[in-house]
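Subject: Structure for you to look at

Hello,

Here is the structure I promised to pass on. Please open it beside this email and follow along.

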Amino acid sequence: MGDVTLRTADRRETILSQQAVDDLAARLRGPLLTPQSLGYDEARTIWNAMIDRRPGLIARCAGAADVMQAVRFARENGLLVSVRGGGHNIAGNSLCDGGLLIDLGALRFVHVDPVSRTARVAPGATLGDLDRETQAFGLAVPVGINSTTGIAGLTLGGGFGWLTRKYGLTVDNLLGADVVTADGRFLRASADENADLFWAIRGGGGNFGVVTSFTFRLHPVGPMVFAGLVVHPFAGAGDLMRRYRDATAALPDEATAWAVLRKAPPLPFLPPDVHGKEVVVMPVICAGDDEAAARKALEPVLSLGTPVGEHVGLMPYAAWQAAFDPLLVPGARNYWKSQNFTGLEDGLIDVLVEEAARLPSDQCEIFVGLLGAAANRVPADATAYPHRDALFVMNVHARWNTPQEDSACIQWARGVSDRTAAYATGGVYVNFVTDDEQRVQAAYGPNYERLRALKATYDPTNLFCVNQNIAPGG
């Protein structure tokens with residue numbers, strides 16, 4: 001029986017006996033994988049193909065008890081730890097090299113209570129899992145825009161999407177969570193229990209423990225909503241974006257319109273001569289099934305210019321939530337840069353249009369997401385997520401297929417971010433931060449010192465450090 005070499009939290013090698021590893025495996029209900037195990041490579045494959053890391057052990061947890069055992073084992077042996085939910089994080093923070101991966105991917109239950117309009121959701125569930133269950137009752141929680149995203153990482157970072165203007169961020173609809181902390185304790189975090197921990201996990205990422213279930217407030221949405229795409233020619237994009245800026249100021253809370261500058265995919269409602277050409281895509285949604293009322297609410301945006309194609313109307317909410325999945329399938333290489341804005345100044349729009357005219361790959365895009373309304377009515381210190389002044393969030397999404405394209409695509413994204421920084425708030429959405437950025441303080445702004453103090457309370461040795469890390473402080 002040989003020894004097992006693993007990596008510690010300070011990235012040094014440590015030797016554990018095979019007996020110690022076998023003892024952990026015997027205490028788990030789910031399997032414990034090593035690099036020699038069947039299924040190991042599948043378990044370490046995540047959405048962003050740029051991330052290629054090899055954990056020393058993977059605990060594929062079958063329940064909260066497994067999570068507690070894995071956390072205690074890591075703490076007792078000083079191991080490097082990462083936690084995987086959906087594996088969608090751009091920085092690849094669900095994977096560590098040589099340490100222990102706590103894999104929550106098998107925990108995908110969604111239990112809906114239509115009477116209380118709440119849902120209890122496991123951390124391995126995707127947004128698609130959640131939408132399918134809640135839409136059976138005509139209910140929804142505000143989440144992101146790609147159905148394969150994991151609910152855990154999205155929620156812990158804040159969470160925004162099509163329903164945010166009406167119902168707030170995902171964290172604004174979190175009622176409670178079960179959390180395994182760094183000492184292996186199982187705690188309930190809510191407004192009434194461990195309220196400081198509850199505050200911290202609403203935007204503080206995976207710094208404070210492993211969430212084994214979330215409880216969300218649900219809202220009446222669907223099953224049909226008015227939504228779709230309006231695609232405009234790129235010629236005159238600057239003027240169009242200025243009119244978009246003005247039009248969105250007139251939208252009611254239930255209406256949302258984003259702007260995406262990219263090359264046109266081969267959508268069936270677009271003429272073939274537009275395919276592969278630069279366009280401005282405006283996804284729109286009104287959270288209601290009254291088509292006439294929805295059209296009226298979105299009229300300021302629907303009446304902008306003369307589009308080259310339009311596909312809007314009543315459709316299932318769950319289908320709209322998955323509409324962009326074909327553009328975000330796993331296996332491509334991805335790199336993001338992000339900025340928050342309180343408005344779209346003319347100079348900023350000029351930069352966005354200039355940079356969108358030189359996209360380094362057909363899959364790259366600059367999206368401008370509209371917030372405001374309910375998202376901005378919450379005080380900055382009410383949750384760990386602080387960016388309640390952001391009206392627009394820009395994500396520069398570089399996406400490509402081969403390592404040979406890495407340099408051009410990454411440099412383009414960095415250039416867009418650098419050029420737009422002068423117009424930005426200085427804050428950044430933590431779920432959009434890549435692993436080469438040092439923007440943790442920018443992600444938390446005025447809440448950073450409080451988060452450091454809570455980190456010292458709940459994770460004083462920084463066991464949970466494979467993340468946008470908040471160092472313990474006083």
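In what order do the five strands of the open, antiparallel sheet stand? The order is β7-β8-β12-β10-β11. The edges belong to β7 (110-113) and β11 (186-190). Each has a single partner strand, so one side of each is left without a neighbour in the sheet. On average, neighbouring strands here are turned by 15 degrees against each other, direction ignored. Please keep in mind that this is a predicted model.

Start with strand β8 (residues 118-121) and strand β12 (residues 210-217). Four bridges join them, and they run antiparallel. Arg-120 stands opposite Thr-215 in β12. Helix α3 packs on this sheet and touches β10 (174-180), β11 and β12. The direction of α3 makes about 140 degrees with that of β12.

Now move to β10 and β11. Five bridges hold this antiparallel pair. Ala-177 stands opposite Ala-189 in β11. The two strands form a hairpin, with five residues between them. Gly-184 sits in the turn and has a positive phi of about 85 degrees.

Leu-32 is the residue opposite Ala-59 in β4.

Helix α3 (residues 64-77) turns up here too.

**A covered helix**

Look next at helix α4 (residues 127-135). Is it mostly covered or mostly open? It is mostly covered: seven of its nine residues are buried. Among them are Leu-127, Leu-130 and Thr-134. Asp-129 and Asp-131 are buried as well. The buried residues of α4 pack against β7, β8, β9 (139-140), α5 (151-157) and α10 (317-321).

**Asp-172 and its partners**

Asp-172 is in the loop between α6 (164-167) and β10. Which side chain does the Asp-172 side chain meet in a polar contact? That of Arg-388, at 2.7 Å. Leaving aside residues up to four places away in sequence, Asp-172 touches Arg-217, Val-378, Thr-383 and Arg-388.

Most residues other than glycine have a negative phi, and most peptide bonds are trans.

- Arg-117 has a phi near 55 degrees, a positive value in a residue other than glycine. It lies in the loop between β7 and β8. Its relative accessible area is 40%, so Arg-117 counts as partly exposed.
- Asn-194 has a positive phi too, near 50 degrees. Its place is the loop between β11 and α7 (195-201). At 30% relative accessibility, Asn-194 is partly exposed.
- The peptide bond from Gly-222 to Pro-223 is cis, with omega near 10 degrees. Pro-223 is in the loop between β13 (219-220) and β14 (224-233).

**The whole chain**

Last, the overall picture. The protein chain has 14 helices and 21 strands. Its radius of gyration is 22 Å, close to the 23 Å that the globule rule gives for 474 residues, so the chain is as compact as a globular protein of that length. The C-alpha trace spans about 70 × 55 × 45 Å along its principal axes.

How much of the chain counts as buried? Of the 474 residues, 59% do. The chain exposes about 17500 Å², and carbon and sulfur atoms supply 51% of that area. Take the contacts with a separation of 6 or more: residues 24 or more positions apart account for 72% of them.

Best wishes

How values were computed: Residues numbered from 1 in each chain as written. Predicted model: local features only at pLDDT ≥ 70, side-chain atom pairs only at ≥ 80, totals over all residues. Heavy atoms only, no water. Pairing = 2+ DSSP bridges. Axes fitted to C-alpha atoms, helices over the stretch in contact; angles between N-to-C directions. Contact = heavy atoms within 4.5 Å. Polar contact = N/O pair within 3.5 Å; in protein donor to acceptor, adjacent residues only side chain to side chain. Buried < 20%, exposed > 50% of the residue type's maximum accessible area, 1.4 Å probe, protein only. Rg over C-alpha atoms; globule rule 2.2 N^0.38 Å. Areas by Shrake-Rupley, 256 points an atom, 1.4 Å probe, with all protein chains shown as cover.
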